[in-house]
Each structure stands twice: as structure tokens, then as C-alpha cells.
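Thanks for coming, everyone. Please look at the model on the screen, and we will walk through a few contacts.

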Amino acid sequence: MTMVSTDGNGDSHKFNKYAAASSVVASLICIIFGYDTGVMSGAMIFIKEDLKIDDVKIEILAGILNVCALLGSLFAGRTSDFIGRRYTIVVSAIIFLVGAVLMGYGPNYPVLLTGRCISGIGVGFALMIAPVYSAEISSAKARGLLSSLPELCISLGILSGYVSNYFFGKLTLKLGWRLMLGVAAIPSFVLVFAILKMPESPRWLGMQGRLGEAKRTLLLVCNSEEEAERRCRDIRVAAGFDENTKEEFVKPAHNSRGKGVWKELLLRPTPAVRRILIAAIGIHFFEHAVGVEAVILYGPRIFKKAGVKSKDKLLLATVGVGIIKTIFILIATSLIDRVGRRRLLLISTSGIVAALAVLGFSLTMVENSKTELLWALTLSIVSTYAYVAFFNIGLAPVTWVYSSEIFPLKLRAQGMAIGVAVNRLMNALISMTFISIYKAITIGGAFFMFCGISVVAWFFFYFLLPETKGKPLEEIEALFSKGSKRKNSADIETQTVNNG
């Protein structure tokens with residue numbers, strides 16, 4: 001017999017398999033994005049040789065994915081409010097499919113760039129919708145774990161991209177990189193049909209006034225009728241309906257499909273919404289401002305600068321980055337609902353600062369030495385892996401979990417879209433300028449710069465991000481009301497210590 005305990009809110013501590021399965025399927029879209037990111041790091045070596053293009057075109061090819069993702073994320077917010085969270089994931093999978101086919105065909109640079117742009121739009125959709133769907137379908141106790149699944153899937157995708165580089169790289173020059181990029185069409189096609197078996201987000205249904213459907217979905221993703229009723233009541237209140245209504249359908253407010261949301265977010269926000277928006281934009285800004293894209297996308301170049309010469313060894317060293325990333329994301333998913341978002345974020349950022357300082361130092365020593373320094377080469381590789389570990393145990397998953405849960409229901413999709421747009425903008429900026437930056441200030445200097453930015457990030461997180469662990473989505477807005485956030489953070493951290 002399975003014992004199921006409940007907390008004061010009536011939430012069962014038993015893990016709901018239906019909610020978990022739905023979140024897993026929704027998060028699979030992020031594997032395709034991760035694959036596109038990881039595979040390009042190795043594919044660029046072969047593309048440059050085959051198409052005879054220079055470093056500027058390589059930087060554009062690397063970064064254009066994120067420029068287009070920025071646009072895609074802004075459209076995705078309104079789209080998901082209009083057609084629903086589930087069908088927005090379908091749209092994302094179809095866009096990925098088209099982009100992968102074009103890149104796999106890739107007879108010349110313009111066609112390859114077009115395919116990369118289309119895939120970028122799919123990335124914007126995927127990064128906005130997967131965490132939002134997972135956050136809205138999960139309970140408060142499991143939300144951190146389920147909302148971090150998209151980041152885990154990105155890691156798995158990046159790792160599979162690195163492995164694909166290694167094996168397809170052994171084929172002929174013209175065939176190898178095209179298969180690396182085109183194979184992403186297969187999971188995109190399968191996912192279109194898998195997503196149709198998932199339920200719609202109960203919170204989106206509630207926002208449309210489809211309260212009966214929302215309640216039936218909640219009965220599937222909750223462990224008891226009591227929990228389903230409590231969550232349904234919270235949704236009715238958040239959507240502006242009578243919390244005790246028993247109607248199957250209630251006519252929704254005029255902005256239930258996203259109308260007027262930009263005004264409430266940007267032009268006339270309440271003080272709490274303004275603080276939420278600053279927190280979301282800030283955490284997405286710093287996720288990439290600390291330089292992760294330089295390591296993920298240009299890993300082979302970093303290892304080459306450190307002294308690793310052969311293509312096989314460069315690609316194998318990069319596979320190590322993917323393995324470390326995946327392992328520490330897995331660890332983070334088990335910690336995020338126990339340790340808390342805020343504490344994990346601060347520990348992670350502290351480790352990033354230390355790792356970047358060591359990486360900057362070791363690469364500077366390698367670059368300025370006339371002889372091969374084995375200790376500096378070893379230190380460069382170890383500090384790169386340490387950086388990836390610290391980044392993925394905190395900042396990587398917390399960014400997506402935190403920003404998907406802090407916005408009020410009617411602002412969530414488009415608020416998250418703004419965060420994703422900033423995220424992709426920073427990603428594109430680092431992707432398209434890293435080579436130029438390290439040529440201007442040396443590769444060691446580039447990582448010292450990222451180290452300084454990481455210090456600023458730590459202080460931003462400490463002062464502006466309250467803890468959200470264990471709070472129902474409908475209660476989180478209150479944490480950002482003036483005077484409540486530091487008190488809440490202290491209470492949560494004290495509770496965590498007491499629970500041991």
C-alpha cells in the first residue's frame with residue numbers, strides 16, 4: 001500500500017505520473033533546440049571548409065539562430081494565449097521540421113542560413129512554451145522539477161549534437177555536416193503527433209472560461225479531488241471569476257486571449273508586476289551574459305587555444321562538456337524543490353565566478369607562453385568543465401523555472417516571452433561577437449570579462465529575487481509586493497535549514 005501524505009494546502013506529496021508524462025512530452029521540443037545548438041559547434045568546422053566561408057559568416061551562422069528566436073518568442077507569447085499552450089508546441093515542432101530539412105539540404109550558404117533562421121523561430125516558440133506548460137500543469141511541490149525538464153532536455157540535445165558531430169564527422173565532408181543538421185527533422189515529425197495526446201494547460205482553459213474542462217484536466221494531474229478543487233478554485237480567482245461557481249463555461253474577460261497584456265506589463269504595470277518584470281529580464285540577461293554560449297558553441301576553439309590540436313580530440317573534449325552539463329542538470333532537478341531556487345542560484349553563481357577567474361588565468365598563461373604548458377592546458381580543461389558544472393546546477397535550470405512561475409496568470413505567456421526575447425538577444429550577442437571579442441582583448445581577457453559580469457549577477461540575484469519554492473502560482477505575485485520579498489526569502493531559507 002502506498003502512503004500518501006498531504007501538506008497544509010491539501011497537496012499530495014505523491015508524484016503524479018500523468019503530470020510528469022505530460023511535462024516530459026512538452027519538454028522534448030527542447031531536445032531539438034539543444035541538438036541544433038550542440039551540433040553546430042562541430043558542424044561549423046566542416047561547413048567552413050566545405051563552403052569556403054570566413055569567420056564573419058561563421059559568427060552570423062552561429063548567432064542568427066538566436067536573433068530569429070528573439071522574434072519567435074515574442075510571437076509565441078501571443079500565439080499561446082490565442083490557440084493554447086499545447087498547439088503552440090505543435091507549431092514549434094513544425095517550424096523545427098522545416099528548418100532541419102533546409103539545413104540538411106544546404107547546397108550553399110544562403111539556403112543554410114535560411115534554414116537556421118527558420119529553426120531559430122522554432123527555438124523562440126519552444127523556449128517560451130515548454131517551461132510555461134510544465135509550470136501550469138504541475139503542483140507547487142513538483143513544479144521546480146517539472147519546470148526544469150526543458151533545461152534537462154536542452155542538455156540532452158546538446159550532448160546528442162556533440163556525439164553526432166563525432167560520428168557524422170567521420171563521413172565525407174559534403175555528406176557529414178548535412179546529416180548532422182538534417183537528422184533533427186526526424187524527432188520534429190514524431191513530436192507533432194505525440195503532443196496531440198497531451199492535455200491542455202488547465203490554467204489556460206480557466207483563463208478562457210472553460211472551467212469544466214480545466215477541472216477535468218486537474219483531476220488527471222492531481223492526486224486527489226481535494227487538491228484538484230483547491231487548484232481549480234485558485235485558477236477561477238486568478239482568472240477573475242467567482243471562486244465558488246460551478247458553471248462549465250463562463251464568458252471570459254476581453255483580454256483572455258492576450259489583448260491588452262503589453263500595456264499591463266510595460267506601460268502601466270503595478271509595482272509588483274514591475275519588480276517581477278525586472279527579475280525575469282535580469283535573470284535571462286545574466287544567464288548568457290556570464291558567457292555560457294562562448295563555452296557551448298565555441299568549445300572546440302577554446303580547447304584548441306588551450307593546446308588541443310587534432311579534430312577528434314577537440315570533438316571528444318567537447319563531448320565531455322555535454323556529459324558534464326547533462327549530469328549536473330540531473331542533479332539540479334533533484335535539488336531545486338528541496339534546496340530552493342534562490343539558494344541554488346547563489347551557490348551556482350559563486351562557482352561560476354571562481355571557474356571563470358581560473359579559466360581566464362590559465363588561457364592567458366597558455367597564450368603568453370612560448371612553450372607548451374601542460375599544467376595550464378589541464379587547468380583550462382578542468383576549469384571549463386567546472387564552469388559548465390556550476391552553471392548547470394543552478395543558473396541554467398533556475399532561470400527557466402523561476403521566470404515561468406513568477407508572472408500572474410493573464411500575463412504569464414507574454415511576460416515569459418519578454419524574458420525569452422532578452423535571453424535570445426544576449427545569446428545572439430555572445431554567439432556573434434565572441435570571436436571578435438577574444439581577438440580584441442585575448443581569449444583570457446574575454447573570460448575575465450565574463451567573470452566580472454558574473455559578480456554583478458550574484459548581487460542582482462541576492463537583492464532582487466525572492467524565494468518561490470513551494471508556493472502556488474497564484475500566490476507568487478504577493479512575494480514581489482514591497483517589503484515582502486526579503487522576509488519571505490529568510491523564512492524559506494530558515495525552513496530549509498530546519499528541515500535539514
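How exposed is Trp-458, and what is its relative accessibility? Trp-458 has 25% relative accessibility, so it counts as partly exposed. (Buried means under 20% relative accessible area, exposed over 50%, partly exposed in between, with a 1.4 Å probe and protein chains only.)

Some ground rules. This is a predicted model: local features need pLDDT of at least 70, side-chain atom pairs count only at pLDDT 80 or more, and totals for chains, interfaces and linings use all residues. Residues are numbered from 1 along each chain as its sequence is written, and side-chain values use heavy atoms, leaving out hydrogens and water.

Back to the rings. The whole structure has 15 aromatic pairs. (Rings of Phe, Tyr and Trp, taking its six-membered ring, pair if their centres lie within 6.5 Å; planes under 30 degrees apart are stacked, over 60 edge-to-face, the rest tilted.) Trp-458 and Tyr-462 make a stacked pair, 5.3 Å centre to centre with 5° between the planes. Both sit in helix α21, residues 443–464. They are four residues apart, about one turn of the helix. (Helices are DSSP runs of H or I, at least four residues, numbered from the N terminus.) Tyr-462 is partly exposed too, at 27% relative accessibility.

Now a contrast in geometry. Tyr-166 and Phe-167 pair edge-to-face, 5.3 Å centre to centre and 80° between the planes. Phe-167 is exposed, with a relative accessible area of 53%.

Last, a group. Phe-285, Phe-286, Phe-460 and Phe-461 form one aromatic cluster.

Terms used: Helices (H or I, at least four residues) and strands (E, at least two) are DSSP runs, numbered from the N terminus.
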